[in-house]
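A short tour of some of its contacts follows.

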Amino acid sequence: MIIIQLSFPLKSALFVIFLSVSLFHFKPLFNPTRKQTLTHYGSNNLTVRKNYIIRFTEYKPASDHRSYLESNLRSDGWEWIERRNVAAKFPTDFGLVSIEGSVKEALIEEIERLGFVKDVNVDLSYNRGLLGAGGGAFENGRKRPGKIFTSMSFSEEKHCHVSGLSNSSINWSRHLLSQRSQVTSLFGADALWRKGYTGAKVKMAIFDTGIRADHPHFRNIKERTNWTNEDTLNDNLGHGTFVAGVIAGEDAECLGFAPDTEIYAFRVFTDAQVSYTSWFLDAFNYAIATNMDVLNLSIGGPDYLDLPFVEKVWEITANNIIMVSAIGNDGPLYGTLNNPADQSDVIGVGGIDYSDHIASFSSRGMSTWEIPHGYGRVKPDVVAYGREIMGSKISTGCKSLSGTSVASPVVAGVVCLLVSIIPENKRKEILNPACMKQALVEGAAKLAGPNMYEQGAGRVDLLESYEILKSYQPRASIFPSVLDYTDCPYSWPFCLQPLYAGAMPVIFNATVLNGMGVIGYVHSPP
């Protein structure tokens, strides 16, 4: 007996069922707390305050939400926090408040009883740790929740310690090509350039560390926005500039895929490599309000329990923004996917080397949201080159970096090129995250060695995906489309599992990609 468990991203919310069996329920979502305190010393007492996100059921000006709370809350011990950024001119669906620890429980309970309040969550802080490969951020000896940058560079340090492998180090310099190839030529981007497709009129949102306005590698920096508490738009770390270079750079030494793409740089991390959920929520809302086409997010973390973040990603994709995200650098262990790349509506990208081997640092599936109540999904969706990729430096010149945060902008650049083949007046009508994922997974080249939880559909194939998209008609499909027990090692562990009468049922989780709309229904049994 084989039970097919289907995940429905439907470009937004995720609906999962056991066909002909029962409704599938998610692991409960909750928000682990982070240390984020403002401490004030009074005469003889200590008051600890934390920032909380209050989500409302409607979009309204922030001033209206504030007035609503002030008119309806009887308790003291809270303070509204003004958020001064470019999203302030648009309606919002949340507010940020500081709450005293002594009244926290009673006050949150009072707030959540209000009719127009959806819920209250801690404003989590995200830090970029020194990940290496498989590293992470730890707190009090335990891996902490929250988002962290996927490690961006192994090439600048000859050796990198791998946490979890005792007394071992890996020389990332070995087994590399004797000369660096342009990653764009490896995917055949020049074939589309010759046809006149260069990413023109595609709005690319890069959520990262910013970019400098006068950088010589970019011809089309449309807007730079700052969502942090620092007064700068510039990239002082180099990560955001590098990512932008892989997507849209025009320097001959480190060409990007789509040089005419319109770059919108969202600076969501400080120079100290810190961010907060509330900064992301404002930036995501602005991306929706300004009609971005593609969004690259080279961050990740083991925490898919930050509900405001996760649900805002669903809203992003429901608004036809194609999100590409790094699957994480917590390999080679299985079940180490990073969020948001592990979400069904996001294109999760793993890393390979130039020999088409899965990079040891690339996180492996399956997804863990469904466990223990169901079976995890196949992730990553696709893989791309993530070792020794050339990209732009902060001011001028090129450098090479490695990591899935490098593989992610490779795919984001491919996506920008693919978006540009659809006439601008028809893009929002035809293109959506589901159909772009269909084009990528159906066009991908399956690699000989890795299994489906390491490579997903395989290595991105730009030209095959182009052929699929240029004549695309909205439809639904299933990924993976086949569970072949004779295909080893790709179908591992199923291909090693004997089938016999009386055996336990086999459960396999496949994802329905619905290119026809945000909402869909299972019309009849398969």
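## A pair on helix α4

With a relative accessible area of 66%, R194 is exposed, since the cut-off for that class is over 50%. Keep in mind as you look around that this is a predicted model. The side chain of R194 meets that of D190 in a salt bridge, with 3.8 Å from N to O. D190 is partly exposed, at 32% relative accessible area.

Helix α4 spans residues 189-194 and holds both R194 and D190. The two are four residues apart, which is about one turn of the helix.

How accessible are R66 and E70? R66 has a relative accessible area of 30%, so R66 counts as partly exposed. E70 is partly exposed too, with a value of 44%.

## A bridge across the sequence

Side chains of opposite charge can pair when their charged atoms come close. Which parts of the chain does the salt bridge between D293 and K428 tie together? The side chains of D293 and K428 meet at 3.4 Å, N to O. D293 sits in the loop between α6 (277-289) and β18 (294-297), while K428 belongs to helix α9 (residues 427-430), so the bridge ties together parts that are 135 residues apart in sequence.

The two partners also have their own levels of accessibility. D293 is buried, with a relative accessible area of 11%, because buried means under 20%. K428, at 37% relative accessibility, is partly exposed.

How many salt bridges does the model hold? The count comes to 26. Some residues are linked into a network of salt bridges: R55, K118, D119 and E311.

## The annotated active site

Now for the annotated residues. The unreviewed UniProt entry carries an "active site" annotation that covers D208, H239 and S405. These residues are spread over 198 residues of sequence, yet they cluster in space, with a largest C-alpha distance of 10.6 Å.

D208 is part of strand β14, residues 203-208, and H239 is part of helix α5, residues 239-248. Are these two buried or exposed? D208 is buried, with a relative accessible area of 0%. H239 is buried as well, at 3%. The side chains of H239 and D208 are joined by a polar contact of 2.7 Å.

## A stop at helix α12

To finish, turn to E467, a residue of helix α12 (residues 462-470). At 41% relative accessible area, E467 is partly exposed. A polar contact of 3.1 Å joins its side chain to that of K470.

Where does E467 stand relative to L418? The two residues are 49 apart along the chain, and their C-alpha atoms are separated by 9.8 Å.

Definitions and conventions:
Residues are numbered from 1 along each chain as its sequence is written. This is a predicted model: local features need pLDDT of at least 70, side-chain atom pairs count only at pLDDT 80 or more; totals for chains, interfaces and linings use all residues. Side-chain values use heavy atoms; hydrogens and water are left out. UniProt positions are given in the numbering used here, feature names are shortened, and annotations may be inferred rather than shown by experiment. Buried means under 20% relative accessible area, exposed over 50%, partly exposed in between (1.4 Å probe, protein chains only). A polar contact is a pair of N or O atoms within 3.5 Å; within protein, one must be able to donate a hydrogen and the other to accept it, and residues adjacent in sequence count only if both atoms are side-chain atoms. A salt bridge is a side-chain nitrogen of Lys or Arg within 4 Å of a carboxyl oxygen of Asp or Glu.
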